[in-house]
Amino acid sequence: MRQGKFTSLTKNKITNSLKNLGINHSHKILCAVSGGGDSMAMLFLLQNFFRGEIGVCHFDHSTRNGKSHSDAEFVKNYCALNSLPFFVEVLPLDSERNGQSFEDFARQKRYSFFDKICKEENYDFIATAHNKNDNAETQIFNFFRGGGIKAMAGIPQKRGAIIRPVLTFTSDELRQILQDNNIAHVEDETNKECIYTRNKIRHILLPWVEENINQNVLDTLENTAMIAKETYDYVFSIAQKNYNKVIVSNDNEQQILRKEARELEPVIMKEILKLLGKKNQVHPLEARRLILLEQLIRSDNPNWIFEWEDGLQLKAKGEIAEILIC
């Protein structure tokens with residue numbers, strides 16, 4: 001593969017990204033490549049700045065009246081020309097979704113495939129091409145859905161084996177890399193259709209904000225994500241330290257929320273309750289129900305029952321200080 005042309009800014013960004021992710025050249029990275037501009041730019045950057053082993057995986061969604069198969073062939077040919085291992089899976093058209101939306105179902109199958117190849121072929125990381133624009137769209141989407149401070153942290157640069165080495169690049173910067181180096185890519189025309197919420201954020205809302213409110217909105221949201229992540233990580237660490245102090249087991253091996261929990265700051269209490277739900281494998285509470293539960297716990301009312309969902313109930317009875325979790 002020929003050496004690419006890169007600006008000093010690009011070199012610094014990708015070098016710092018790999019350093020922050022803890023990547024060294026003994027690692028093996030499996031790149032999730034759709035054939036679109038972002039993922040092709042990510043792959044080309046890693047080919048130039050990562051000296052370890054690179055593999056490529058592609059998930060064919062069987063969409064766009066068969067055009068997705070052409071995308072798979074494009075990525076396969078690029079890998080052949082560059083001597084890169086290539087792995088592909090095709091989603092059957094008649095797949096049973098069990099009530100899931102196609103987007104959720106496809107995402108689940110896609111990441112399941114990535115994880116399978118990563119383990120079978122002994123890769124250390126799976127690289128996806130989420131970028132600064134994707135992060136901004138996610139933050140805005142989460143904000144209007146009421147996701148809280150964790151959701152405003154946006155897309156994590158690393159989660160388990162998943163890494164996002166181009167998260168600090170804008171989509172325009174990635175396309176410029178392709179143009180400067182004459183790297184081909186495919187275009188998914190559905191990305192331009194404003195029928196999906198994310199596409200409306202991308203093509204209508206963000207451009208309007210850039211033109212009328214803040215021309216540096218992507219940088220602003222990136223800084224917001226960093227602050228939100230630092231804040232959430234701190235809150236979560238305090239919640240973890242206090243969890244086993246305020247939630248204990250009684251002689252009947254039932255969980256008890258001790259009265260000391262009422263002395264915790266509201267933000268810590270809410271995070272402990274989220275951990276409680278996660279440890280009991282129930283769905284997270286909506287914000288309004290989480291607030292209600294916290295208010296009940298802090299109230300002077302000696303008798304109340306809160307139904308989380310089947311399998312988890314919080315109950316206060318009489319004058320006892322502790323709250324039974326059953």
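Buried means under 20% relative accessible area, exposed means over 50%, and partly exposed falls in between (1.4 Å probe, protein chains only). Keep that scale at hand for this tour of a predicted model, in which local features need pLDDT of at least 70, side-chain atom pairs count only at pLDDT 80 or more, and totals for chains, interfaces and linings use all residues. Residues are numbered from 1 along each chain as its sequence is written, and side-chain values use heavy atoms, with hydrogens and water left out.

**Stop 1: the cysteines**

Select Cys79. It is buried, at 1% relative accessible area. Now look for a partner. A disulfide here is a pair of cysteine sulfur atoms within 2.5 Å. The closest cysteine sulfur to that of Cys79 belongs to Cys31, 9.0 Å away, which is too far for a bond. Move to Cys57. This residue is buried as well, with 0% relative accessibility. How many disulfides does the rule find? The count is zero. Cys57 is in none, and its nearest cysteine sulfur, in Cys31, is 7.9 Å off.

**Stop 2: the cores**

A nonpolar core is a set of buried Ala, Val, Leu, Ile, Met, Phe, Trp, Tyr and Cys residues joined through side-chain atoms within 4.5 Å. Select Ile23, Ile29, Cys31, Leu43, Leu45 and Leu46. These have the most contacts inside the largest nonpolar core, which has 32 residues. Next, color the elements that give this core two or more residues: helices H1 (8-20), H2 (37-49), H3 (67-81) and H7 (171-180), with strands E1 (28-32), E2 (53-60) and E4 (125-127). Helices (H or I, at least four residues) and strands (E, at least two) are DSSP runs, numbered from the N terminus. Which element gives the largest share? H2 does, with seven residues.

Zoom in on Leu45. Contact means heavy atoms within 4.5 Å. Setting aside neighbours within four places in sequence, Leu45 is in contact with Phe6, Thr10, Ile14, Phe50, Val166, Phe169, Leu174 and Ile177. Apart from this core lies another, of 26 residues, including Leu285, Leu293, Ile297 and Phe306.

**Stop 3: Pro85**

Go to the loop between H3 and strand E3 (86-90), where Pro85 sits. Is Pro85 buried or partly exposed? At 31% relative accessibility, Pro85 is partly exposed. Beyond residues up to four places away in sequence, Pro85 touches Ile54, Gly55, Val56 and Tyr123. Draw a C-alpha to C-alpha line from Pro85 to Ile247: 49 Å in space, 162 residues in sequence.

**Stop 4: Glu137**

Select helix H5 (residues 132-145) and find Glu137 within it. Glu137 is buried, at 2% relative accessible area. Show Arg198, Ile201, Arg202 and Leu206, which Glu137 touches when residues up to four places away in sequence are not counted.

**Stop 5: two helix pairs**

Axes are lines fitted to C-alpha atoms, for helices over the stretch in contact, and angles run from 0 to 180 degrees between N-to-C directions.

Select helix H8 (residues 197-212) and helix H9 (residues 217-246). Their axes come within 9 Å and cross at roughly 105°. That makes H8 roughly perpendicular to H9, a label covering 65 to 115 degrees; under 35 is roughly parallel, over 145 roughly antiparallel, and the rest oblique. Leu206, Val209 and Glu210 of H8 meet Val217, Leu218 and Leu221 of H9.

Finish with helix H10 (residues 266-279) and helix H11 (residues 287-298), packed at about 110° with axes 10 Å apart. H10 and H11 are therefore roughly perpendicular. Their contact uses Pro266, Met269, Lys270, Leu273 and Lys274 of H10, and Leu290, Ile291, Leu293, Glu294, Ile297 and Arg298 of H11.
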